[in-house]
Amino acid sequence: MDAAFWDLNISTPRALDGTARAIPGEPIPLDRSTASKALRIQQLSLLGNGFPLGIIPSYSPTSRKELGSFALQSLLFKAATSNWWLGFTGQFRPKKLVSDIKAELSSVDEWELPILKDIGKHFLEKSLYAFGVCSQLSLTPSSSLLLSTEKHGEKKGRRLRAMLFHKLPEHDVTLEAAWPELFLDHKGRYWEVPESVSLDCSSLVSEDGLRYRFGLHKNGGHPRAVDNITDEPPLSLMQGICGKAAVSYEKSKDFWRIKEKKEDIIIETDKGRIYRPSYDILLREPHAAVSGIIGGTLEAWLNNGSSSSSASRHRNPFGVDLFGSLCYTFQHGKFRESFGDLTRVDARLDVSSALALAKQVSKVFRKASSNNARDVLSSPRLELILQQQVAGPIVFRVDSKFSLNSPAGVQLEDFVCSLNYSLKLLKSGKVVAWYSPKRKEGMIELRLFEF
């Protein structure tokens, strides 16, 4: 359901805050692609304790190839009080600096002071650096205000973001705005929307599995492709105001489950009792289960002024649709031993748009042909997640997504591999190093109480 709105965060090293938005009206992103619940600046603060000089590497292409893809990020400064904190982050891309210095030295016959000055000028080139500031203020015990800005030396302008969050007993209310906002489409391409403002109210999942959310969203300005592509921007990013509501019902059923017992945690030995919890409490019980979710969305565009240059592309002012997922999970092992104590497979079938699927099926039965582009939501997606313990708290994970009804048949659509190091002291915390061959990006994140 969250993928139908404009606030689903995707992990990306292209932004200092580590997030881009998924685009509504496109296939559901991979589970591993969704961003950590912890703010990037908080991740850098904790991850810095385990890296030399607190420097965390990342990898992502830039529009200027001479800058290279490799980057180093760090938390440069932080300050905090009981209800407020402030952090200053920085990023450095070393490839161009190294290349320029090597070229400078190769043409030097004798070392002189002007040569040292020329080398020093290369360190001052602004395209090598990016800086960001982030601050959060707790207004009340249930409300907080988050403000952030970042500036990349190789780009014009800066990015500003603001978020006001209020927690109710059974609902979360969020007001967010960004100038510009960064979006990521299902092909791994980035788009910038000059202005993006959202107001959302989301219910918590009730005991009977019912959940709903509704909100307003405004796009301002014309979307711009970050990667110098010539394709038309997605229709849901075109300027306008959209009101959207969604409701879903989810249910899960265990075929079998081995419950955790006291003797699993506390081991009796000749030297006394040994406390041995699982490396991750979310992976402590072997089981096989099936779960499902079904829901619907309703949307209306209050300003449907699409500025697309293609007459065949039209955004409907009103829309109703259904979505659903069916997932099977099998886990072997309790993730306590040093070797061979975790193997887990998750297989999930997603139907993002029942309407698009029904239209495609009707065309097949009628053997109708159409010159229009195929709706990307007309193909169900199968996501497979494989997790295997390597040694101790280290787990290798592969996330893959297949399109089942594409013109080429079953087709691999996305793939992300990662190494996870579980932090037992955090009960369900892990350091995740992931790489996406499709996007040619990778980064290191901290995730807390997340699958």
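The largest nonpolar core of this predicted model has eleven residues, namely Ile41, Leu44, Leu47, Ile56, Leu75, Trp85, Cys134, Leu146, Val431, Ile444 and Leu446. A nonpolar core is here a set of buried Ala, Val, Leu, Ile, Met, Phe, Trp, Tyr and Cys residues joined through side-chain atoms within 4.5 Å. Buried means under 20% relative accessible area, exposed over 50%, and partly exposed in between, with a 1.4 Å probe and protein chains only. In soluble globular proteins, nonpolar side chains tend to be buried together. Two or more residues of this core come from each of α1 (40-47) and β25 (441-448), and α1 gives the most, with three. Helices (H or I, at least four residues) and strands (E, at least two) are DSSP runs, numbered from the N terminus. Another core, of ten residues, lies apart from the largest one and includes Leu8, Ala20, Ala22 and Tyr190.

Residues are numbered from 1 along each chain as its sequence is written. Because the model is predicted, local features need pLDDT of at least 70 and side-chain atom pairs count only at pLDDT 80 or more, while totals for chains, interfaces and linings use all residues; side-chain values use heavy atoms, with hydrogens and water left out.

Leu446, a member of the largest core, is in contact (heavy atoms within 4.5 Å) with Ser36, Ala38, Gln43, Leu46, Leu47, Leu423, Lys430 and Val431, leaving aside its neighbours within four places in sequence.

An open sheet of five strands has the order β1-β2-β10-β11-β14, with mixed pairing. Two strands pair if DSSP finds at least two bridges between them. β1 (9-11) and β14 (224-225) stand at the edges, each with a single partner strand, so one side of each is left without a neighbour in the sheet. Strand β2 (residues 19-22) runs parallel to β10, joined to it by two bridges, and Ala22 stands opposite Leu184 in β10. Four bridges join β10 to the antiparallel strand β11 (residues 190-193), where Trp191 stands opposite Phe183. Five residues lie between these two strands in their hairpin, and Gly188 takes a positive phi near 85° there. Two bridges link β11 to β14 in antiparallel fashion, with Glu192 opposite Arg224.

In a regular strand the side chains alternate between the two faces of the sheet. In β10 (residues 181-184), Glu181 and Phe183 point one way and Leu182 and Leu184 the other, and all are buried. Both faces of β11 are likewise covered, with Tyr190 and Glu192 buried on one side and Trp191 and Val193 on the other.

A search of the whole structure finds zero disulfides (pairs of cysteine sulfur atoms within 2.5 Å). For Cys242, the nearest cysteine sulfur, that of Cys201, is 16 Å away. Cys242 is buried, with a relative accessible area of 1%, and Cys134 is buried at 11%.
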